[in-house]
Amino acid sequence: MSDDTGGSKVLEAVEAVRAKARGLMEATADRKALDDVRVALLGRKGELTAILKGMKDLAESERRKVGEAANALKGWIEEAIGSRLAELSRSEAEGAAGAPSGGPAPFDVTLPGTGRPAGSIHPVTAMRRKVEGIFAGMGFMVVDGPELESEFHNFVALNIPETHPARDMQDTFWCDDGQCLRTHTSPVQVRALIRYGAPIRMIAPGRCFRNESIDASHENTFFQVEGMMVDSEVSVANLIHVMKAMLSEVFGMDVDVRLRPGYFPFVEPGFELDMRCSICGGQGCPTCKRSGWVELVPCGMVHPNVLRHSGVDPDRFSGFAFGLGLTRLAMMSYRIGDIRVFNSGDLRALAGLGSASPQAV
Ligand code: PHE
């Protein structure tokens, strides 16, 4: 007696379900219809499920064969549903773009484009360009120097020998080979004098670094503009005039300045140049800490030792130099209260600044 307990019939049924499944799937027009097909085949009351349920009536040996075939069919159906779904999604997307189904989506030039927010110039860059323009108008050239600087240019040539206490005020980051991240743009004074000699008028905007604890007004990375004018008869009067002219242009109004003594090893005499507070007109307010003046530009007459280190004869030439805090100027002009926003990468900090013009403080 054959031990066929109906196994071959079931195998035929499996194949029949496969053929039917193929036809049903091809006929589906959308995802909903495809889902109905899935339920009809694989659902709790589906055709394949019925076959699997019926297996318990088969003899052991047939059960295995039918089981394998039914499982293979199950895998096939799942895969076929997946690829049909992909086809349907594609033609749905094309349909949405107005394409005849099957063909590539035509490009509709009348559709509104995808908006991209316009970028803006970084406030430090905007201020740098402004300052460069002002000094170019006064015959200053714009020069550049390295951010990774030698100890000679950053300190020694600027009259700050190794044991000088001024080094403590400008702690920085050192490389194994003895170079450091420059603490100010003043080394470019030395580089420019060595390269171009005197007479010279130059500015050098650039990034500077200090080993600082960071807070709202201190950063380890910030920008300065160095400036220097060396000629046969340069005096403090020239310094004051140039500073006044520059600040008046930056702030778009007549600016009052005053000098106070200030100490920097590379200038003699050295000054702190203050600007009359434009918020209160000099009456005293929180911005100027009730003094009526805002401390703005450290400056002075180039120390003879700096000229000597740079190969310029201090008996023939004299000059002034200043170190404008470019980041600080941008903060004042754009009313940015926290220096940390500059390096934070948070674009919200720049929102609206691109079109704003610098304002007087
Ligand atoms: N380099 C000084 C600093 O960073 C500023 C300065 C520049 C002072 C030029 C005087 C002359 O603090």
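Strand β8 (residues 293-302) and strand β9 run antiparallel and are joined by three bridges. Within this pairing, C299 stands opposite F322 in β9. The model is a predicted one, and the chain averages a pLDDT of 89.

**The sheet**

- Seven strands form an open sheet, and their order is β1-β4-β5-β9-β8-β7-β6. The pairing in this sheet is mixed.
- The edge strands are β1 (141-142) and β6 (257-261), each of which pairs on one side only.
- Strand β9 (residues 318-325) has six buried residues out of eight, so the rest of the structure largely encloses it.
- Strand β5 (residues 221-231) is also a partner of β9: the two run antiparallel and are joined by eight bridges. Here M229 stands opposite F320 in β9.
- Between β6 and β7 there are five bridges, and the pairing is antiparallel. R258 has D274 in β7 as its bridge partner.

**The largest pocket**

- The largest pocket holds about 1500 Å³ of space.
- Its lining consists of 49 residues, of which E295, L296, P298, G325 and R328 are the closest to the centre.
- Two or more lining residues come from each of α7 (166-169), β5, β7 (267-276), β8, β9 and α11 (326-333).
- Which element gives the most to the lining of the largest pocket? The answer is β8, with eight residues.

**T185 and helix α8**

- T185 lies in a loop, with β3 (180-181) on one side and α8 (187-196) on the other.
- Is T185 buried or exposed? T185 has a relative accessible area of 0%, and it therefore counts as buried.
- Leaving aside residues up to four places away in sequence, T185 touches A204, P205, G206, C208, Q224, V225 and E226.
- T185 and A330 are 145 residues apart along the chain, and their C-alpha atoms are separated by 17 Å.
- In helix α8, the buried residues are P187, V188, Q189, V190, A192 and L193.
- After α8 comes G197, whose phi is positive, near 70°.

**S248 in helix α9**

- S248 is part of helix α9 (residues 236-251).
- The relative accessible area of S248 is 15%; because buried means under 20%, S248 is classed as buried.
- A polar atom of the S248 side chain lies 2.8 Å from the backbone oxygen of K244.
- Beyond residues up to four places away in sequence, S248 touches M253, D254 and V255.

**Confidence in the model**

- A pLDDT of at least 70 is reached by 92% of the residues.
- Over residues 354-361, pLDDT stays under 50. For these residues the model has 23 contacts beyond four places in sequence.
- Where pLDDT is low, predicted coordinates should not be read in detail.

Key:
Residues are numbered from 1 along each chain as its sequence is written. This is a predicted model: local features need pLDDT of at least 70, side-chain atom pairs count only at pLDDT 80 or more; totals for chains, interfaces and linings use all residues. Side-chain values use heavy atoms; hydrogens and water are left out. pLDDT is the predictor's confidence in each residue, from 0 to 100. Contact means heavy atoms within 4.5 Å. Helices (H or I, at least four residues) and strands (E, at least two) are DSSP runs, numbered from the N terminus. Buried means under 20% relative accessible area, exposed over 50%, partly exposed in between (1.4 Å probe, protein chains only). A polar contact is a pair of N or O atoms within 3.5 Å; within protein, one must be able to donate a hydrogen and the other to accept it, and residues adjacent in sequence count only if both atoms are side-chain atoms. Two strands pair if DSSP finds at least two bridges between them. On a 1 Å grid over the protein atoms alone, a cavity is a set of points where a 1.4 Å probe fits but cannot get out, and a pocket is an open set with protein on both sides within 12 Å along at least five of seven lines; lining residues have an atom within 4 Å of a point. Grid points are joined across faces, edges and corners, and a volume is the space filled by probe spheres set on the points.
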